[in-house]
Amino acid sequence: MRTCGPSWTKRNGEAGLASAATPQVSTAAVAPPMWLLAELTYRCPLHCAFCYNPVDYAANRKELSTEQWLDVLRQGRELGAAQLGFSGGEPLLRDDLEQLVAAGNRLGYYTNLITSGIGLTEQRIAAFKAAGLDHIQLSFQDSTREMNDFLSSTRTFDLKARVAKLIKQYDYPMVLNVVLHRYNLDHVERIIDMALEMGVEYLELANTQYYGWGMVNRAQLMPTREQLERAEAVVNACRERIGSRLRILFVVPDYFESRPKACMNGWGSVFLAVAADGAALPCHAARTIPGLSFPNVTEESLKQIWYESDAFNKFRGDAWMKEPCRTCDDKHKDYGGCRCQALALTGDAANADPVCSKSPQHGDIVRIVRQAQASQAAAGAEAPLVFRSDANSRLLSQQ
């Protein structure tokens, strides 16, 4: 689901990470994964400026075959995974998605389709229902046609609205995801009202986290603290007004926190992603970290990958931690935060996540947020958004 922007790979500290020994972790101490994410393809009809997919995706068009994916699903279930997500790119671009859903159902997974809705016809949703798909998460970019279509650089608002009706018609739990940022945070009440009109039961308002294309566009997408606080106040007021009709999850962007999130509940703890080309990843953005070689499911079993690979053991436990994490009382709550964010902002994935106020680099986060506010104040001074596209992917990969 994402990889580094070109500026991320030019930080210092890479050689030290590449040569550092992987801590030894007892296999007996490692629990099996709970969540398997199948990133079926990086192809997508949308061009979102905050997409978490790899910035260099155009250089890698490899995709596992149907048979290879079926084998991954089988191995994941044998390993202990119970939740199965199908994502991308846009997973509906895979003609074999119905077959993969049916296989996941037979194996006993709880299956979840994470989709933009583009390509979800009544014929296909009926097939998914028959195949045993449990859950569909639909994304919108905004509550208005104009902003939704601008942010995705497509004309898809009306199509998404039709898909929302299909999801309700086929009696799926109605789950809506909207990524928030500078351009739509002020529309949050209208987004909530749109969700109510659609009969949404669960609304995830996920503020942009800065990986992949989001990192490329960080300066343009970053809101001010005041804007974020206004939006959160609106969300809380709407919760009071709506009651139990709609459950709203408001995810604050890391840069505005003083303590890091427990990213993936700990590296190599519960989450296993398999990318379109078969690379196995402990988190969506893991391939941003230099010096780590990520195993491929076409060459190693999932069991070997999960328990034995250097990549999955690199940041397990706490032996890898530096100060202030090493002696922090919260290290088993937040696991030091996000390794990819630590790399992006400090140049070393083993550093404390600078979101944490205890990090020596926390001041960098504060400056970035202040710069965003200054950028908004200087109307027209910011750079244009860089939309996800093959051409932009190739261009950024060369920088």
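Q: If contact means heavy atoms within 4.5 Å, which residues does Thr-111 touch, not counting residues up to four places away in sequence?
A: In this predicted model, Thr-111 is found in strand E3, which covers residues 110–115. Once residues up to four places away in sequence are set aside, the residues that Thr-111 touches are Leu-84, Phe-86, Val-101, Gly-104, Asn-105, Gly-132, Leu-133, Asp-134 and His-135.

Q: Does Thr-111 count as buried or exposed?
A: The relative accessibility of Thr-111 is 0%. Because a residue under 20% relative accessible area is called buried, Thr-111 counts as buried.

Q: Where is Gln-141 found, and what is its relative accessible area?
A: Gln-141 is found in the loop between strand E4 (135–140) and helix H5 (145–152). Leaving aside its neighbours within four places in sequence, Gln-141 is in contact with several residues, among them Leu-46, Phe-50, Leu-151 and Asn-184. Gln-141 is buried, and its relative accessible area is 2%.

Q: What is the distance between the end C-alpha atoms of residues 30–245?
A: An unreviewed UniProt entry places the feature "domain: Radical SAM core" at residues 30–245. In the model, this span is 44% helix and 16% strand, and the distance between its end C-alpha atoms is 40 Å.

Q: Which residues are linked with Asp-96 in a network of salt bridges?
A: The structure holds 17 salt bridges, and one of them joins the side chains of Asp-96 and Arg-94, with N to O at 2.8 Å. Both Asp-96 and Arg-94 are buried. In the network of salt bridges, Asp-96 is linked with Arg-43, Glu-63 and Arg-94.

Q: How far apart are the closest N and O atoms of Arg-287 and Asp-277?
A: A salt bridge needs a side-chain nitrogen of Lys or Arg within 4 Å of a carboxyl oxygen of Asp or Glu. Arg-287 forms a salt bridge with Asp-277, and the distance between their closest N and O atoms is 3.1 Å.

Q: How many residues apart in sequence are the parts that the pair of Arg-287 and Asp-277 ties together?
A: Arg-287 lies in the loop between strand E9 (280–281) and helix H11 (302–308), whereas Asp-277 lies in the loop between strand E8 (271–274) and E9. Arg-287 is partly exposed, at 28% relative accessible area, while Asp-277 counts as buried, at 15% relative accessibility. Because the two partners sit in these loops, the pair ties together parts whose separation in sequence is ten residues.

Q: Which residue forms a salt bridge with Lys-322?
A: The salt bridge of Lys-322 has its closest N and O atoms 2.6 Å apart, and its partner is Asp-348. Lys-322 lies in the loop between helix H12 (310–313) and helix H13 (331–334), and Asp-348 lies in the loop between helix H14 (339–346) and helix H15 (362–377), so the pair ties together parts that are 26 residues apart in sequence. Lys-322 counts as partly exposed, at 35% relative accessibility.

Q: How many aromatic pairs does the structure hold?
A: A pair of aromatic rings is described by the distance of the centres and the angle of the planes. For rings to pair, their centres must lie within 6.5 Å. The number of aromatic pairs in the structure is eight.

Q: What is the angle between the planes of Phe-150 and Phe-387?
A: Phe-150 and Phe-387 form an aromatic pair, 5.7 Å centre to centre, that is edge-to-face, with an angle between the planes of 85°.
Phe-150 lies in helix H5 and Phe-387 in the loop between H15 and helix H16 (390–397), so the pair ties together parts that are 237 residues apart in sequence. Ring pairs also link both residues with Tyr-183 into a cluster. To return to the angle between the planes of Phe-150 and Phe-387, its value is 85°.

Q: Which ring does the charged end of Arg-77 sit over?
A: A charge counts as sitting over a ring when, among other conditions, CZ of Arg is within 6 Å of the ring centre. The charged end of Arg-77 is 5.8 Å from the centre of the ring it sits over, which is that of Tyr-109.

Key. Residues are numbered from 1 along each chain as its sequence is written. This is a predicted model: local features need pLDDT of at least 70, side-chain atom pairs count only at pLDDT 80 or more; totals for chains, interfaces and linings use all residues. Side-chain values use heavy atoms; hydrogens and water are left out. Helices (H or I, at least four residues) and strands (E, at least two) are DSSP runs, numbered from the N terminus. Buried means under 20% relative accessible area, exposed over 50%, partly exposed in between (1.4 Å probe, protein chains only). Contact means heavy atoms within 4.5 Å. UniProt positions are given in the numbering used here, feature names are shortened, and annotations may be inferred rather than shown by experiment. Rings of Phe, Tyr and Trp (its six-membered ring) pair if their centres lie within 6.5 Å; planes under 30 degrees apart count as stacked, over 60 as edge-to-face and the rest as tilted. A charge sits over a ring if NZ of Lys or CZ of Arg is within 6 Å of the ring centre and within 35 degrees of the ring normal.
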